[in-house]
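Please open the structure in your viewer and keep the selection panel at hand. The tour moves from one selection to the next, and at each stop it says what is there.

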Amino acid sequence: MMYFSRLKTWTVLGVCLAGLLLCLPNLFAPPTNWMPWRTIHLGLDLRGGSYLLLEVDMTTVMKERLDSLGDNARQTLRRAGITRFVVSVQQAQQRLLVRINDADKQAAAMTAQRELAAATVPGQRPDLLFDTQDDGQITITLSPVALKERAAAAVAQSIEIVRRRVDETGVSEPIIARQGDARIIVQLPGIEDPNRIKQLLGKTARMTFRLTDETANMTGAPPPGVDFLPMEGKGGQKIAVRRRVEVDGANLTDARAGQNSQNGEWVVNFTFDSLGTRRFAEISRANVGHPFAIVLDDKVISAPVIREPITGGRGQISGSFTAASATDLSVLLRAGALPAPLTVVEERSVGPELGADAIRAGAIALAVGFVLVMVFMAVFYGLFGWFANVALLANLILMAAILSLLEATLTLPGMAGILLTLGMAVDANILINERIREEVRNGRSPLNAMEVGFQRAFSTIIDSNATAFLAHVMLFAFGAGPVRGFAVTITVGIVTSIFTATMLARLFMVRWYASTRPSVLPV
Amino acid sequence: MFMRPMFRLVPDNLNFHYMRGRFLGLAVSAVLSIASVCLFFYPGLSLGIDFKGGIIMEVKTPAAADIGKIRAALSGQGLRTEGVQRFGDDSSVAIRLEAQTTEAATQVVVSKVRTALEAAQPGTRVLRTDAVGASVSNELFRDGMAALGFSLAMILVYIWFRFEWQFAVGAVVTLILDVTKAIGFLAVTRLDFDLVMVGAILTIIGYSTNDKVVVYDRMRENLRKYKTMPLRELIDLSINETLGRTLGTSLTVFLASLPLALFGGSTLSGFAWCMLFGIVVGTSSSIFIAAPILLFLGEHRLRRDAQPAKAEPGVSAAGDS
């Protein structure tokens, strides 16, 4: 154990030097773009910012799928010439019941329904299960596998939309990632008050253009195929809107906030894509003189009367907009609609000055702890304690190097982890020094005592560190948020401390012994 | 200071009979742990926001905070607060609200608080918002407990592989006793039990195991070295030989945690106090709990394992104690 070949010596020193170099990117800005420049990132609790955990509302995804399936079923049956039927949606069972009242049209109905499955996008797994009963009832169930795929697609699409909306607000370096089955993490560095972003993300922003039903009696229940929807900014006044969507917001290519040149009102100007332009032209041509409704998330934002066919694919939404609300709507329309509503299930926001306070407090604690541990080692272990102290410093550098390489996030608990690692790193040296002291007492020569001391302490060091390592790997696996930063710093610290305590400190001792050849060890 | 050590932690050739105090040690530990378990059920832990759900907002008012006015404004918004109190300086206020029934309601409350603050003292800034919904807090709690449970299991398996099973059982029983005491400490001090605290308890488990491994390692070595020494004497000898290590390793972690408790700020000081308590408990349990348990479990088995050929004398010698 006490012989270091030249190669080994240089390897140990080389690792330390490499560690030092890898720490440097944290102190300087990258000089060029092509150089790999990995640094430790500060967590939101230290630099200030907002963390939002969003949940995708899966029941809405399922409901929409079933509703559209129901609509399709009705249409196919009518096309097949079947008129006497009842289609009912059973949301809890995720299925659709179709009852045909003409006994002789059972077979035709079944064939017609089969088309539903065939009509889904080619290449996609058939997601409908059919079941016929003797009394003429057809049950169409969404298959669990397909439901799962649909849910995953909804989350993926939501992430994309969330990213676009957040990007529109100009937040720098946002992190948007999936968590678990139906959750999305949004991290917004530097955002102290996430209210505006929460508002942007809280809207599904599904915009539809629909015709109104001017004949509907507003006092009774809505007739089939018509909804009574509230008008935005008109104090709860409702308007009868046909359920059928004529043009969807997905057919927009652009939307910009602007001011009406005549009255200075805030408006949102939009442009349709080719399909939307064509559809809109047809609708407006057929309905001149009638109002149509622009519906956003079940609220009518505007219901203008069509004066002339609109064929240019451009339009303007005017409502009771302010500059801010017009801008927000244009952002939402540009980014696209969410497949399902999002709910904020967890929010953590920290202002930058609290983060700065935390860094200061952590830095003071780190400095004081470092000094206390060093003094302890010097007082109780003398020269060998100083070797351990230098190794401790190297350990700190190596930890920073590995955390930089991993581009790890340093959180407040992570700083506590660094401090605890300092206390633990010297433990290995204590075990070694105590063992050497014991072997000296047993009458061994200095070199022999050092040799045996290292050898025997080694397995104890591995055993005691392995258990702590395992405990923190578990914490990383199960923990969430800043506490994972704690688990990361401690596990990294355990690995580096074994290296510095058993290799670097030993190298110091060997070099010192070789140059001084003492007859007694200072233990 | 630069060459020879100035002090010794433990004098050489210490010869103290720890095992004489084994019943006292176990009794004290059992009483403390039972008391802790009782405290866990009543009054219970003060769950932090991670595990309980709810809202905590730290705000800074432009002038000295008018607590009465803020309270009035909050109840004006129809909000029931759990606490509105000053902390640190005159213009810093912490507002706590209970978990709402739904996630969406929680978000509504957060914006209502902002409105109320703006009405009470215009220019008030919200420095920190923590709002955790009920379903998330349940999951965080479940995951935290899973981390604790799996760590204990992993440690059990590891020690089992590296030592005889008696060591593993002794270590894990001691760890459970340590953890219950740490829980009792949290119940008494009313420190918030949250994810960071789970980190503290896991760290205590890790360090406490370190201590046990050091003592057990020496026992294993001495079992091979002194084949006929009664187990009781052998355990005392092993503890005496390793006391310097046990105290030294614990002291360094203690010294590293102390500044965190004193200057670490509100988030980390609770964590650090829990650590400090755990280090003291873990160190004493290595000596007074882990070793006696081994003595009870291992009186016959360990001797026979260590010396299969001429087991009889060893067993009878150990059996006398």
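This is a predicted model: local features need pLDDT of at least 70, side-chain atom pairs count only at pLDDT 80 or more; totals for chains, interfaces and linings use all residues.

Begin by colouring chain A by its domain assignment, which gives domain 1 (6-46 + 351-516), domain 2 (59-141) and domain 3 (202-348). The C-alpha centres of domain 2 and domain 3 of chain A lie 30 Å apart.

Next, select β13, β14 and β17 of chain A, which form an open, antiparallel sheet in the order β13-β14-β17. Its edge strands are β13 (252-259) and β17 (314-321) of chain A, each of which pairs on one side only, and the twist averages 25° from one strand to the next. To follow the pairing, show β14 (266-272) of chain A, which 6 bridges join to β17(A), and pick out Val267(A), whose bridge partner in β17(A) is Ser318(A).

Now bring chain B into view, where 67 residues are in contact with 67 residues of chain A. On the side of chain B that touches chain A, α8(B) gives the largest share, 14 residues, and the residues of that side divide into 38 nonpolar, 19 polar and 10 charged.

For the last stop, select β18 (342-350) of chain A together with β5(B): the two strands run antiparallel and are joined by 5 bridges. Within this pairing, Ser349(A) has Thr129(B) as its bridge partner.

Technical notes. Residues are numbered from 1 along each chain as its sequence is written. Chains are lettered from A and ligands numbered from 1 in the order in which they are written. Two residues are in contact if their C-beta atoms, placed from the backbone, lie within 7 Å. Helices (H or I, at least four residues) and strands (E, at least two) are DSSP runs, numbered from the N terminus. Ala, Val, Leu, Ile, Met, Phe, Trp, Tyr, Cys and Pro count as nonpolar, Asp, Glu, Lys and Arg as charged, and the others, Gly among them, as polar. Two strands pair if DSSP finds at least two bridges between them. Domain bounds come from an automatic or database domain assignment. Axes are lines fitted to C-alpha atoms, for helices over the stretch in contact, and angles run from 0 to 180 degrees between N-to-C directions.
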